[in-house]
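Please open the model in your viewer and keep the selection tool at hand. The stops below are meant to be taken in order, each with something to select and something to look for.

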Amino acid sequence: MSFLRRVLAASAAGCVVLSAACFVPVQAQDYPTRAITMVVPFAAGGPTDVIARTVAGRMSRTLGQPIVIENAVGAGGTTATARVARAPNDGYTVIVGHMGTHAAAVPLYPNLAYHPEHDFEPVALIATVPILILARKDFPPRTLAEFIDYARANTDQINMAHAGVGSVSHVTCLLLNSFLSINPTGVPFSGTGPAMKALESGKVDYMCDQIVNAVPPIAAGNVKAYAVASRARSPVLPDVPTTREAGLPALKIQAWNAIFAPKDTPAPIVARLNEAVSSALDDRDVRAELLRLGSLIPGPAERGPKALAGLVKSEIARWTPLLQTAAK
Ligand code: MLT
């Protein structure tokens, strides 16, 4: 008996009288019966895309249907996120959102066309991702302390890459800049995949990015990392100091990536998707790849829809005052 049929059987057994609470739409009973579209609201090759593709393959095997990644860019990921909020709630369109699209964007877009807490069904957290402060390899400062002095002395001459207003790379560096009282020129990209290419070719000066996007270019010596904004160093980048060690203890932030479905997607479908994510996170090869790129894999207690709903709520509460101050 499939997982979903077990859920249905259990729920039916638990429903003495067939009530609305027990009614499961017919389409949920055999879900999925066709390909699922997983929207990534940034360009291919960036951290959100890499994390999505890392789990999608294993999820597809669990669900028995293809998962088609659709990269849809714009406005720091909020354009695609708003579109998925309005998509049919049938389980065949989901989005990989993150700390930007489903938290930090709320204070930055007064007329945001969705609300992360009201317009989505949280499905599952995929990964927590440390944030690095990165620079082009020939940028003069050699350390974070030198970067702070240099950026303050040259704030009108330097530029910072990001993936659009409200993206993780935008809001994390907005916070960094506010701590340093600097206001560089922002250079937006459709994702930090293309932004990283610009950093590697020296077209932009610095960027705050998710570690999963930075490990390969750092290892290749194409960019330099001043610090990781986490409590402890990353095991995959043991030579990169924490912001505390590097003299900026106040900057302690991280990103996360998670899957969301449109509001009112039937609970058994959400449960089926959640179980597919959790199976992927327990898969040896998926774990190895996520850990190789420096991300942190949520434990069982962090993987449920309710845990993700709590994370979204707490992150909106955390980032709203930070960005109301930083964006002044
Ligand atoms: C972000 O800056 O929000 C993401 O890292 C962008 C991306 O995943 O490309």
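Which residues of helix H8 (residues 192-200) are buried? Select the helix and colour Thr192, Gly193, Ala195, Met196, Ala198 and Leu199, which are its buried residues; buried here means under 20% relative accessible area, exposed means over 50%, and partly exposed lies in between, with a 1.4 Å probe and protein chains only. Helices (H or I, at least four residues) and strands (E, at least two) are DSSP runs, numbered from the N terminus.

A word on the model before going on. This is a predicted model, in which local features need pLDDT of at least 70 and side-chain atom pairs count only at pLDDT 80 or more, while totals for chains, interfaces and linings use all residues. Residues are numbered from 1 along each chain as its sequence is written, and side-chain values use heavy atoms, with hydrogens and water left out.

**The cavity**

Rolling a probe the size of a water molecule over the atoms shows where empty space is left. On a 1 Å grid over the protein atoms alone, a cavity is a set of points where a 1.4 Å probe fits but cannot get out, whereas a pocket is an open set with protein on both sides within 12 Å along at least five of seven lines, and lining residues have an atom within 4 Å of a point. Grid points are joined across faces, edges and corners, and a volume is the space filled by probe spheres set on the points.

The structure holds one cavity of 30 Å³ or more, and the volume of the largest cavity is about 90 Å³. To find it, select Pro47, Thr48, His98, Thr192 and Gln210, which are the closest to its centre of the 14 residues that line it.

**Helices H3 and H11**

Next, show helix H3 (residues 47-63) together with helix H11 (residues 284-292), whose axes come within 10 Å and cross at roughly 175°; axes are lines fitted to C-alpha atoms, for helices over the stretch in contact, and angles run from 0 to 180 degrees between N-to-C directions. H3 and H11 are therefore roughly antiparallel to each other, a label given to angles over 145 degrees, with those under 35 counted as roughly parallel, 65 to 115 as roughly perpendicular and the rest as oblique. Display the side chains of Ile51, Thr54, Val55 and Arg58 in H3, which meet Val286, Glu289 and Leu290 in H11; contact means heavy atoms within 4.5 Å. By class, this contact has four nonpolar, one polar and two charged residues, where Ala, Val, Leu, Ile, Met, Phe, Trp, Tyr, Cys and Pro count as nonpolar, Asp, Glu, Lys and Arg as charged, and the others, Gly among them, as polar.

Now turn to the largest pocket, which has a volume of about 230 Å³. Of its 14 lining residues, select Ala229, Ser230, Arg231, Ile253 and Gln254, the closest to its centre; the whole lining has six nonpolar, four polar and four charged residues.

Then find the second largest pocket, with about 200 Å³ of space, by selecting Met160, Leu174, Asn177, Asn183 and Pro184, the closest to its centre of the 15 residues that line it. Strand E5 (159-162), helix H7 (168-180) and strand E6 (185-188) each supply at least two residues of the lining, and the largest share, four residues, comes from H7. This lining divides into six nonpolar, eight polar and one charged.

Between H7 and E6, pick serine 181 in the loop: its phi is positive, about 55°, although it is not a glycine, and serine 181 is exposed, with a relative accessible area of 67%. Most residues other than glycine have a negative phi, and most peptide bonds are trans.

Alanine 75 lies in the loop between strand E2 (67-71) and helix H4 (78-85), and its phi, near 55°, is likewise positive. Alanine 75 is partly exposed, at a relative accessible area of 36%.

For a cis peptide bond, select tyrosine 31 and proline 32, where omega is near -5°; proline 32 sits in the loop between helix H2 (26-29) and strand E1 (36-40).

Finish at threonine 242, in the loop between strand E8 (223-228) and strand E9 (254-262), which counts as buried at 4% relative accessibility. Not counting residues up to four places away in sequence, threonine 242 touches Ala227, Val228, Ser230, Arg231, Ala232 and Arg233.
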